[in-house]
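Morning, everyone. I have one structure to go through today, from the overall fold down to a handful of residues.

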Amino acid sequence: MKFYIIHGPNINLLGLREPTIYGKENYEALVQFIKNQCDAKQIESVFFQSNHEGDLVDYIQAAYGDADGIIINPAAYTHTSVAILDALKAVGLPAVEVHLSNIYERESFRHHSYAGMACIKTYYGMGFDGYKEAIAYLNDYIKGQNTKKSET
């Protein structure tokens, strides 16, 4: 099994950016945490982070035919990007959205997620543990889908 782990703008500044909201650990620590979670479940993890919307769209498209699922934290593009929504819908892979902070305890504009409209589940406000939950959920979901396909 292979997951693309996609991060949007400013996630590369974890540890520096608003540590009271996002925590004090840096992006490299997040990547290592996710990699460890995936390795424990024998899932290959491929990471990508960009501050550019088009690059994120290109990478989502690259997942088609190469990945079994996507875990995405679109960051600020969560609330603005129809392009990311359309890319997720176009590739048709199961995707789980993750946010380190609780988007519903923040500014009202953060309460809406375009990307989430194409995702099977969203985790928010759990810090790094949201990724642990997302990996487990997506893994179980895909295995369940594969079981259903083999029964038909």
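I will start with how the model was made, then the whole chain, then single residues.

This is a predicted model, so keep in mind that local features need pLDDT of at least 70 and side-chain atom pairs count only at pLDDT 80 or more, while totals for chains, interfaces and linings use all residues. Residues are numbered from 1 along each chain as its sequence is written, and side-chain values use heavy atoms, with hydrogens and water left out.

First, the fold. The protein has five helices and five strands. Here helices are DSSP runs of H or I with at least four residues, strands are DSSP runs of E with at least two, and both are numbered from the N terminus. Reading from the N terminus, the order is β-α-α-β-α-β-α-β-β-α.

Next, overall dimensions. The C-alpha trace spans about 50 × 30 × 25 Å along its principal axes. The radius of gyration is 15 Å, which agrees with the value near 15 Å for a compact globule of 152 residues. That radius is taken over C-alpha atoms, and the globule rule is 2.2 Å times the number of residues to the power 0.38.

How much of the chain is buried? Of the 152 residues, 45% count as buried. Buried means under 20% relative accessible area, exposed means over 50%, and partly exposed is in between, with a 1.4 Å probe and protein chains only. The accessible surface comes to about 7600 Å², and 48% of that belongs to carbon and sulfur atoms. Those areas come from the Shrake-Rupley method with a 1.4 Å probe; for residues, only the protein chains shown count as cover.

On contacts, meaning heavy atoms within 4.5 Å: among contacts with a separation of 6 or more, 75% are between residues 24 or more positions apart.

Charges next. There are 13 positive and 18 negative side chains, and the centres of the two sets lie 4 Å apart. Lys and Arg count as positive, Asp and Glu as negative, and His and the chain ends are not counted. Each charge is placed at NZ of Lys, CZ of Arg, CG of Asp or CD of Glu.

Lys 2 sits in strand S1, residues 2–7. Is Lys 2 buried or exposed? Lys 2 counts as buried because its relative accessibility is 15%. Its side chain makes a polar contact of 2.9 Å with the side chain of Asp 66. A polar contact is a pair of N or O atoms within 3.5 Å; within protein, one must be able to donate a hydrogen and the other to accept it, and residues adjacent in sequence count only if both atoms are side-chain atoms. Leaving aside residues up to four places away in sequence, Lys 2 also touches others, including Ile 43, Glu 44 and Val 46.

Glu 97 is in strand S4, residues 95–99. Glu 97 is buried, with a relative accessible area of 1%. What does the side chain of Glu 97 pair with in a polar contact? The partner is the side chain of Thr 122, at 2.8 Å. Beyond four places in sequence, the residues that Glu 97 touches include Ile 72, Pro 74, Ser 113, Cys 119 and Tyr 123.

Compare another glutamate. Glu 28 lies in helix H2, residues 27–40, and is exposed, at 53% relative accessible area. Its C-alpha is 8.7 Å from that of Leu 14, which is 14 residues away in sequence.

Two residues deserve a look at the backbone. Gln 42, in the loop between H2 and strand S2 (44–49), has a positive phi of about 55° although it is not a glycine. Gln 42 counts as exposed, at 70% relative accessibility. Ala 75, in the loop between S3 and H4, is also not a glycine and has a positive phi near 55°. Ala 75 counts as buried, at 11% relative accessibility.

Ala 76 lies in the loop between strand S3 (69–73) and helix H4 (82–91) and counts as partly exposed, at 39%.

Last, Ala 83, in helix H4. Ala 83 is partly exposed, at 35% relative accessibility. Glu 53 is 30 residues away in sequence, and its C-alpha is 8.0 Å from that of Ala 83.

That is the tour; questions are welcome.
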